[in-house]
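Let's learn to read a few features of a protein model together, one question at a time. Please have a look at the chain first.

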Amino acid sequence: MIALNGLVDLHCHLDLYPDHEAAILEAEAAGVFTLTVTTTPKAWQRNLELTKATRYVRAALGLHPQLVAERFHELPIWDAHLPETRYIGEVGLDAGPRYYRSFDLQKEVFAHVLCECAKAGNKVITVHSVRAAKAVLDHIEAHLPAGRGRIVLHWFTGTKSESRRAIDMGCYFSINSTMLDNERHREMVSTIPLDRILTETDGPFTKIGERPSRPSDVIITVAALGQLHNVPPNEIAVTIRNNLRRLLGEL
């Protein structure tokens, strides 16, 4: 039996659940280290207020690439709040058909985010990279010097060669159960060293049956990773917890 206490959900949108406060309290009660990302800078303040006194839940400051076209004007708000947190996300690039029209603007915003994080130092950045793995890695190389921050590639679906490049750059990867349901993605995940893997739900965008995923559902991902690597799930849970400690202690 895998204990919930001490598991890790490094990418979840708790502010998008019907009851934001209840979602945070549930993650806190379960003892799951949860990073609740924000999609717009204007949403940051409430997320911060609800997580200030929590032991296990932390808020990340973001500007989601899918919202850049309509929320670009909030970038100065993002800048103003940057000193308030160590955690940044959701940020990155999305070259999918619905968002490609804003791709140049996304790249401008992502470069700015990385440069400001590099200046500040000591930031943990959770990054979106849909159909844009190469561009994301190029931006990280160009704008975030080694030792100035740590990247976690959220729901990474790049090629094996792109994942190898990311590994060589020192990136971590947050994996969810939906990824492991896809044969191609599962094959890519199997090539990532276990010491670079973290878990996530990306709830409420992923589901368990008919309901949105909750942070405690990372237990499913832990079990699936154990099966993938032929390692007992409890050992996977300990490895992921140690990976998180190392991620947070390396800077």
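Q: Is Cys171 buried or exposed, and how do I read that?
A: Cys171 has a relative accessible area of 2%, so Cys171 is buried. Bear in mind that this is a predicted model, in which local features need pLDDT of at least 70 and side-chain atom pairs count only at pLDDT 80 or more, while totals for chains, interfaces and linings use all residues. Residues are numbered from 1 along each chain as its sequence is written, and side-chain values use heavy atoms, with hydrogens and water left out.

Q: How many disulfides does the rule give?
A: The count is 0 disulfides. Cys115, for instance, is in none, as its nearest cysteine sulfur, in Cys117, lies 9.5 Å away. Cys115 is partly exposed, at 28% relative accessibility.

Q: How many salt bridges are there?
A: A salt bridge is a side-chain nitrogen of Lys or Arg within 4 Å of a carboxyl oxygen of Asp or Glu. By that rule there are 10 salt bridges.

Q: Which parts of the chain does the pair of Arg214 and Glu26 link?
A: Helices (H or I, at least four residues) and strands (E, at least two) are DSSP runs, numbered from the N terminus. Arg214 sits in the loop between β10 (211-212) and α10 (218-229), and Glu26 in helix α1 (residues 20-30), so distant parts of the chain, 188 residues apart, are linked. The closest N and O atoms of Arg214 and Glu26 are 2.8 Å apart. Arg214 is partly exposed at 30%, and Glu26 is partly exposed at 36%.

Q: Where do Lys119 and Glu116 lie?
A: Both are in helix α5 (residues 103-120), 3 residues apart, which is about one turn of the helix. Lys119 is exposed, with a relative accessible area of 62%.

Q: Which residues are linked in a network of salt bridges?
A: Lys134, Asp138, Glu141 and Arg165 are joined in this way.

Q: What is the volume of the largest cavity?
A: On a 1 Å grid over the protein atoms alone, a cavity is a set of points where a 1.4 Å probe fits but cannot get out; a pocket is an open set with protein on both sides within 12 Å along at least five of seven lines, and lining residues have an atom within 4 Å of a point. Grid points are joined across faces, edges and corners, and a volume is the space filled by probe spheres set on the points. The largest cavity has a volume of about 40 Å³, and its lining includes Asn176, Glu200 and Asp217. Asp217 is buried at 8% relative accessibility, and the side chain of Asp217 meets that of Arg211 in a salt bridge (2.8 Å, N to O).

Q: Which residues are closest to the centre of the largest pocket?
A: The largest pocket holds about 430 Å³ of space. Of its 16 lining residues, Gln66, His128, Val130, Trp155 and Asp202 are the closest to the centre. Strand β5 gives the most to this lining, with 3 residues.

How values were computed. Disulfide = S-S within 2.5 Å. Buried < 20%, exposed > 50% of the residue type's maximum accessible area, 1.4 Å probe, protein only.
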